[in-house]
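Here are my notes on the strand pairing in this entry. Please read them with the structure open.

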Amino acid sequence: MSSPRTILQKDYSEGRAIADVKIAVINPDNFRQITFEKKAKIDTGFDAGFHIQESEMSQLAPIGVRPAVGPITLAGNIPATAYHCFGYLQKIGDYELPPPGIEITLVFQGTRPQGLLGLEAISNWVVTFDGPAQSFKITCK
Amino acid sequence: MALFEVTSRNEIIECELSFDQSIPNPERAPVTITTKIEQERIISRDDELKIENPFCRIKLPEFPIDRPWLPQQALTIIDKIRKGPVSEKQLLTLMDLVAEQATAHFQLQRGKFVASTFLGRIVEVSDTRVGLLKKIQNRTFTEEIFVWRAGFSSFSGRT
């Protein structure tokens, strides 16, 4: 039996589990793509893939991807609207995921520059939060 | 012979109940139930298949055919969208109304991820959120579409 492979092991930053991620959005018609490299908070309460501020959506226009609007529930059960599109999580920390990456939903909403990495991504791994040590670890079985 | 009404598929159908009088204790004998629709068909066979308005009995209680299938509130918001931007609250109300009507009309299973126009035309349905977005990413739509989840108030967000 093989031992779990460590994908990322990191100390908390500002009391939060934050990781550097790289996400690609590809237009399947012309194969043009754009990548977002952001800091993202690991959020086990977010059921989509990656939450990113709405202003970043303008970067999708040059590759011809038009996100679709849809209802979203924010923290505190506040209803709002957000734009959604499909993308690939390609890198987390220094770990490059096997191509094309993990298929995820990108949610464009709000103005916070820090992203959220949600369940569509982290449910692929074992994520351990060590509160007393202020660190977290992502492993792959 | 007795005249009574039965309910079938939420429709009230008038029926005639006939007892066979040649049998002793006719109330215990097999009975024949003839609906008015059947009577018309029977009549029409004799009358060279002249059926009197066969569609008059089709009732669509939730979606009357003489009115738009979206509620007036939704149509009002759609009109506003055509003229200019609307508030987020109004957009959410419209999404709710369209999703509710479309879920009932197309009998969408709870949990399905759906992409549709604001007039309620379904453009894609998928079992997963990622699957739905992957399907629509390479398609161009003449109308604005929105994504939603059947039976849920939001497409994504806090669990």
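Over how many bridges do β6(A) and strand β7 of chain A pair, and in which sense?

1. The model is predicted. In it, β6(A) and strand β7, residues 95-96 of chain A, pair over 2 bridges in the antiparallel sense. The bridge partner of A:I92 in β7(A) is A:Y95. A hairpin is formed by β6(A) and β7(A), with 2 residues between them. In that turn, A:G93 has a positive phi of about 60°.

2. Opposite A:T73 stands A:P79 in β6(A). Here too there is a hairpin: 3 residues lie between β5(A) and β6(A). The turn contains A:G76, whose phi is positive, at about 85°.

3. Strand β8, residues 102-108 of chain A, also pairs with β6(A). The sense is antiparallel, and the pairing extends over 7 bridges. For a residue pair to check on screen, take A:H84, which has A:V107 in β8(A) as its bridge partner.

4. Strand β2 covers residues 18-26 of chain A, and β6(A) covers residues 78-92. These two strands pair through 4 bridges, again in the antiparallel sense. Within this pairing, A:A24 has A:Y88 of β6(A) as its bridge partner.

How values were computed
Residues are numbered from 1 along each chain as its sequence is written. Chains are lettered from A and ligands numbered from 1 in the order in which they are written. This is a predicted model: local features need pLDDT of at least 70, side-chain atom pairs count only at pLDDT 80 or more; totals for chains, interfaces and linings use all residues. Two strands pair if DSSP finds at least two bridges between them.
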